[in-house]
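Good morning, colleagues. Please look at the sequence and the model first.

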Amino acid sequence: MENLSFNEYISLVSEKIGKRDYPMTACVHSYGCQLNFSDGEKIKGMLMKMGFGFTEEPEKADLVIFNTCAVRENAEDRVFGNLGNLKRLKEDNPEMIIGLCGCMAELENVVERIKKSYPYVDIVFGTSALDRLPKLIYQKLSGSKRTVEVGEYNMPVEGLSQLRDSSFKASVPIMFGCNNFCTYCIVPYVRGRERSRRFEDIINEVEKLVQTGYKEIMLLGQNVNSYGKDLEDGISFSELLRRINNIDGEFIIRFMSSHPKDAGKELIDTIISCDKVEKHLHLPVQSGSNDILKRMNRNYTVGQYLETINYARSFISDFSFTTDIIVGFPNESDEDFEETLDLMKTVGYDNIYSFIYSKRSGTKAAVMEDKITDKEKSRRMTRLLALQREISTEKYKRFIGRTLRVLVDGKGKSEGFMTGKSREAVIVEFEGDESLIGKFIDVKITAAKNWAVTGEIIK
């Protein structure tokens, strides 16, 4: 049955499940980035079509799938620890199916470790093999011992069923893979080279989501600014934003991530001119040192990075920026770190996502000399976070007295409060109830914290 279609395998699995004396349940756990969580929604969509129910507890599941991330070593260690915990469950229930997929499955050393030390893992499949899941489950239900499907970086199949975690926020991948080969990053080796989805497929998906009532569309890619460079239709990322902006309906367009070397004036012009595109840019700088940026293979300088910042703020003086920063890149000097702190003060980021450098085998940075102690890296991280708390508190004060349009997405930290995100990507807290979730509301801001602003609903 090697040549059966995707839908034929779906039917065969559904038939096998239907003959059981009890319903089969699945537990799908996704780690890592939003693209991984989008893949997890597709996995759950396929499983639902096959007839599986769902549980959050592995001990209650007949099928457990770990959809993994390989960006940081501690994430990988956590997966192996969780796999180890499943051994006892497999002994108690030999018919349980255990699967591992995602970025870790594309690493040869991981696959070999699974084969050698985790014999109870039944199926392993890579980032471009989601559509083969029905086949792999059918083979396991039919008596096969273990199946591994990795190593190919094809364009994912369009039209897979997707069981979305939210009824009003949707992630839409627009491209896969990366061509940048930053020296610290494993992504090009586990996601492959850049592949853009067809413009028509993206537009059709977004139109259906908006018609269904989705209020936030998050466009995903390792470097969204590279969208379309591998296609022949001439549609750039900025043009894609403009065309999605023209779709009828009230919704907001967000996206991540942008690579600074490709985030030029056209992108800023598009953000400013499109009313549905959030007035915010997540622009990962990683370091404020030109020497570190060069060793990271980032292909821009601090000066070039600031040109983009200054161009955006020539239109909107307090344009919202967030960023990623790596602390303790191999042999980062005190001067390099101080330059990063100086850049943070110069830009005035609304928020940052900071990480202590984590060595990834297979990357160029993994073999670089590194004399910085873990203690020093932690000390630098503490200083960086303290500085950002000061900057965020001061930056958020600019919203006091303003009215922000907010998409409500859940409960706040305090009793009786709700939270949402503005068009500037700022977290907003306010008094309200759960009936507001999934709706746009106007909030007049009354106070600023170091992570959010608070306000009152304008009825």
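**Cysteines, sheet and aromatic rings**

Let me begin with a cysteine: Cys-33 has a relative accessible area of 33%, and is therefore partly exposed. Please bear in mind throughout that this is a predicted model.

How many disulfides does the structure hold? The count is 0. Cys-33 takes part in no disulfide, and the nearest cysteine sulfur, at 6.3 Å, belongs to Cys-69. Cys-69 in turn has its closest cysteine sulfur in Cys-103, 6.1 Å away, which is too far for a bond. In contrast to the partly exposed Cys-33, Cys-69 is buried, because its relative accessibility is 10%, and the cut-off for that class is under 20%.

I turn now to the sheet. It is open and consists of 6 strands, with parallel pairing, in the order β2-β1-β3-β4-β5-β6. The partner of β2 is β1, residues 25-30, and the two pair in the parallel sense over 2 bridges. One of the residues involved is Ala-26, whose bridge partner in β2 is Phe-54.

Against this sheet packs helix α5, residues 133-141. The helix touches β3 (63-68), β4 (97-102), β5 (123-125) and β6, and its direction makes about 165° with that of β5. Of the 9 residues of α5, 8 are buried, so the helix is largely enclosed by the rest of the structure. The buried residues are Leu-133, Pro-134, Lys-135, Leu-136, Ile-137, Tyr-138, Gln-139 and Leu-141. What do they pack against? Their partners are the helices α1 (6-18) and α2 (34-50), together with the strands β3, β4, β5 and β6. Just beyond the helix, Gly-143 adopts a positive phi of about 110°.

A further strand deserves a word. β7 spans residues 169-173 and contains Val-172. Is Val-172 buried or exposed? With a relative accessible area of 0%, Val-172 is buried. Setting aside neighbours within four places in sequence, Val-172 contacts Arg-197, Ile-202, Glu-205, Val-206, Leu-209, Ile-217, Met-218, Leu-219 and Leu-220. Phe-255 lies 83 residues from Val-172 in sequence, while the C-alpha to C-alpha separation is 9.2 Å.

Finally, the aromatic side chains. There are 10 aromatic pairs in the count. Among them is the pair of Phe-319 and Phe-321, with ring centres 5.0 Å apart and planes at 50°, a tilted arrangement. Phe-319 is buried, at 1% relative accessibility, and Phe-321 is likewise buried, at 0%.

Elsewhere, Phe-80, Tyr-118 and Tyr-120 are linked by ring pairs into a cluster. Phe-80 also has a charged neighbour: the charged end of Arg-113 sits over its ring, 3.7 Å from the ring centre.

Notes:
Residues are numbered from 1 along each chain as its sequence is written. This is a predicted model: local features need pLDDT of at least 70, side-chain atom pairs count only at pLDDT 80 or more; totals for chains, interfaces and linings use all residues. Side-chain values use heavy atoms; hydrogens and water are left out. Two strands pair if DSSP finds at least two bridges between them. Helices (H or I, at least four residues) and strands (E, at least two) are DSSP runs, numbered from the N terminus. Contact means heavy atoms within 4.5 Å. Axes are lines fitted to C-alpha atoms, for helices over the stretch in contact, and angles run from 0 to 180 degrees between N-to-C directions. Rings of Phe, Tyr and Trp (its six-membered ring) pair if their centres lie within 6.5 Å; planes under 30 degrees apart count as stacked, over 60 as edge-to-face and the rest as tilted. Buried means under 20% relative accessible area, exposed over 50%, partly exposed in between (1.4 Å probe, protein chains only). A charge sits over a ring if NZ of Lys or CZ of Arg is within 6 Å of the ring centre and within 35 degrees of the ring normal. A disulfide is a pair of cysteine sulfur atoms within 2.5 Å.
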